[in-house]
Number of protein chains: 2
Amino acid sequence: MVQVEVTRREQLRVQMVSDIKQHALAQLAEGGPEALSLNAIARAMRVSGPALYRYFASREDLLGELAADGYDSLGEALEAAADGADVRDDGVRGARLRAVAAAYRGWVLAHPHLYRLMFASRYGSGLVAPDRVVPASRRPMIPVLTAVAELGGPTSGRSLPDALVAQLKDWQSRSWSSTAPPETALLAVTAWTRLHGLLGLEIEGVFVSMGVDAGALVDAEMDQIIASTSA
Amino acid sequence: MVQVEVTRREQLRVQMVSDIKQHALAQLAEGGPEALSLNAIARAMRVSGPALYRYFASREDLLGELAADGYDSLGEALEAAADGADVRDDGVRGARLRAVAAAYRGWVLAHPHLYRLMFASRYGSGLVAPDRVVPASRRPMIPVLTAVAELGGPTSGRSLPDALVAQLKDWQSRSWSSTAPPETALLAVTAWTRLHGLLGLEIEGVFVSMGVDAGALVDAEMDQIIASTSA
């Protein structure tokens with residue numbers, strides 16, 4: 001009986017947390033992090049403020065948790081895209097990188113407020129709830145990095161500064177279990193930062209006001225990366 | 001006498017607007033757009049709410065105005081860097097692009113909250129106060145675009161989709177008075193989006209937690225652009 005009681009309580013807790021997050025996501029989509037209010041969520045859920053604070057100690061904690069959930073969701077979408085594609089589909093090199101980039105863009109366009117929370121606010125950087133946010137934040141990078149690395153190293157043969165080489169090696173040993181050489185690691189990291197640059201501007205409407213198709217810009221950047229490598 | 005009265009009133013107005021913006025910038029630096037409150041500014045300035053609302057109808061207007069000021073300030077910094085450098089300093093190609101990129105990074109690191117307001121919020125995209133924000137937002141792009149264009153076109157000879165070529169030409173004719181061919185225009189736009197990708201992530205602390213020097217990543221991206229062009 002005690003076991004059943006605990007299970008019911010745990011079920012209630014899971015359901016409450018899920019409901020709170022749904023309300024929080026709706027508020028975030030409505031007006032960004034500034035629109036999120038624990039008291040407003042409590043009113044919408046018809047529970048007392050103290051009842052809600054049992055699940056999240058502060059709006060900061062809730063925003064950090066939403067950002068971490070966002071990283072997990074984006075990571076899942078990219079992993080699925082990577083798994084579903086080969087490095088060469090129909091004999092064309094770079095098919096996996098294109099598939100991952102397209103999935104990245106699709107996810108960001110579907111979740112602009114969450115993306116902004118993750119990558120353009122202090123809630124996504126691990127200043128808030130670091131134990132949950134930092135590990136989650138690494139997950140979406142991996143499918144991008146891996147899709148670039150399997151294309152082989154850059155063909156240009158530009159040599160990197162020694163300090164950067166050491167930093168990239170150290171980062172790889174801690175966060176990315178890949179034996180890619182530093183030149184490839186750099187290209188992989190820049191593939192990811194280029195996607196962020198384009199998609200971060202796209203969700204603010206920049207390319208609509210320029211009259212330029214953001215999808216074509218993403219394709220062009222991925223083309224450049226693919227063309228600069230040789231497997 | 002009437003002339004003098006008008007001038008004094010105008011002086012007062014300019015001073016009030018300047019004071020309001022100083023307080024607003026301090027609030028923005030403290031906690032982002034969500035921290036900005038016209039009533040708090042009025043209290044800090046020891047004026048009534050209605051007195052303050054004569055200058056800015058809403059916090060939205062004030063945030064739009066701050067974003068536009070930010071574009072002007074960034075634009076000025078980049079123009080000064082571009083004017084102070086030659087395309088070849090000490091015989092090295094790309095000196096102007098490097099100088100503009102370094103100035104871009106310096107400005108962003110000095111004004112992270114303002115940069116976030118400009119490029120990662122709805123206040124900077126022209127949804128708010130478009131007449132003021134949209135023209136201002138074009139200004140910082142121009143020195144970056146110009147520094148890339150004078151390096152000549154990309155050497156790779158990749159052909160662009162017809163639709164993208166048409167979009168780039170149309171955008172150039174409206175916003176960037178340059179005769180650069182579409183391939184060069186694309187490279188220039190991506191130079192700008194790559195800077196945004198790197199610097200937007202840098203101000204969130206991403207490269208500190210990766211242990212990688214963001215300045216070296218910026219250099220590497222500019223190197224790639226310079227190496228891919230021929231003047």
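1. The search runs on a 1 Å grid over the protein atoms alone: a cavity is a set of points where a 1.4 Å probe fits but cannot get out, a pocket is an open set with protein on both sides within 12 Å along at least five of seven lines, and lining residues have an atom within 4 Å of a point. Grid points are joined across faces, edges and corners, and a volume is the space filled by probe spheres set on the points.

2. On conventions: this is a predicted model, in which local features need pLDDT of at least 70 and side-chain atom pairs count only at pLDDT 80 or more, while totals for chains, interfaces and linings use all residues. Residues are numbered from 1 along each chain as its sequence is written, chains are lettered from A and ligands numbered from 1 in the order in which they are written, and side-chain values use heavy atoms, with hydrogens and water left out.

3. Chain A has 12 helices and 2 strands, where helices (H or I, at least four residues) and strands (E, at least two) are DSSP runs numbered from the N terminus. The order along its sequence is α-α-α-α-β-β-α-α-α-α-α-α-α-α. Its C-alpha atoms fill a box of roughly 65 × 45 × 40 Å along the principal axes. Of its 231 residues, 49% count as buried; buried means under 20% relative accessible area, exposed over 50%, and partly exposed in between (1.4 Å probe, protein chains only). Among contacts in chain A with a separation of 6 or more, 69% join residues 24 or more positions apart, contact meaning heavy atoms within 4.5 Å.

4. The interface takes 43 residues from chain B and 43 residues from chain A. About 3600 Å² is buried between the two chains, with carbon and sulfur atoms giving 63% of this; buried area is the accessible area (1.4 Å probe) that two parts lose on being put together, summed over both. B:E34, B:R158 and B:M210 supply 17% of the area that chain B buries against chain A, more than any other three residues.

5. There are 2 salt bridges between chain B and chain A, a salt bridge being a side-chain nitrogen of Lys or Arg within 4 Å of a carboxyl oxygen of Asp or Glu. One of them joins B:R194 to A:E221, with the closest N and O atoms 2.7 Å apart.

6. The largest pocket has a volume of about 630 Å³. It is lined by 32 residues, and A:Q224, A:S228, B:R158, B:Q224 and B:S228 are the closest to its centre. Both chains contribute: α10 (182–202) and α12 (214–227) of chain A, and α10 (182–202) and α12 (214–227) of chain B, each supply at least two lining residues. By class, the lining has 12 nonpolar, 12 polar and 8 charged residues. Here Ala, Val, Leu, Ile, Met, Phe, Trp, Tyr, Cys and Pro count as nonpolar, Asp, Glu, Lys and Arg as charged, and the others, Gly among them, as polar.

7. B:Q224 lies in helix α12 of chain B and counts as buried because its relative accessible area is 11%. Not counting residues up to four places away in sequence, B:Q224 touches A:R158, A:R194, A:Q224 and B:R194.

8. The largest cavity has a volume of about 270 Å³. Of its 19 lining residues, A:S137, A:R138, B:V206, B:S209 and B:M210 are the closest to the centre. At least two lining residues come from each of α6 (112–119), α7 (130–138), α8 (141–149) and α9 (162–175) of chain A and α11 (206–210) of chain B. The lining divides into 11 nonpolar, 6 polar and 2 charged residues.

9. The second largest cavity has a volume of about 110 Å³. Its lining has 16 residues, with A:A120, A:H196, B:F119, B:A120 and B:H196 the closest to the centre. By class, these are 8 nonpolar, 4 polar and 4 charged.

10. A:A129 is not a glycine, yet has a positive phi of about 50 degrees; it sits in the loop between α6 and α7 of chain A. B:A129 also has a positive phi of about 50 degrees.
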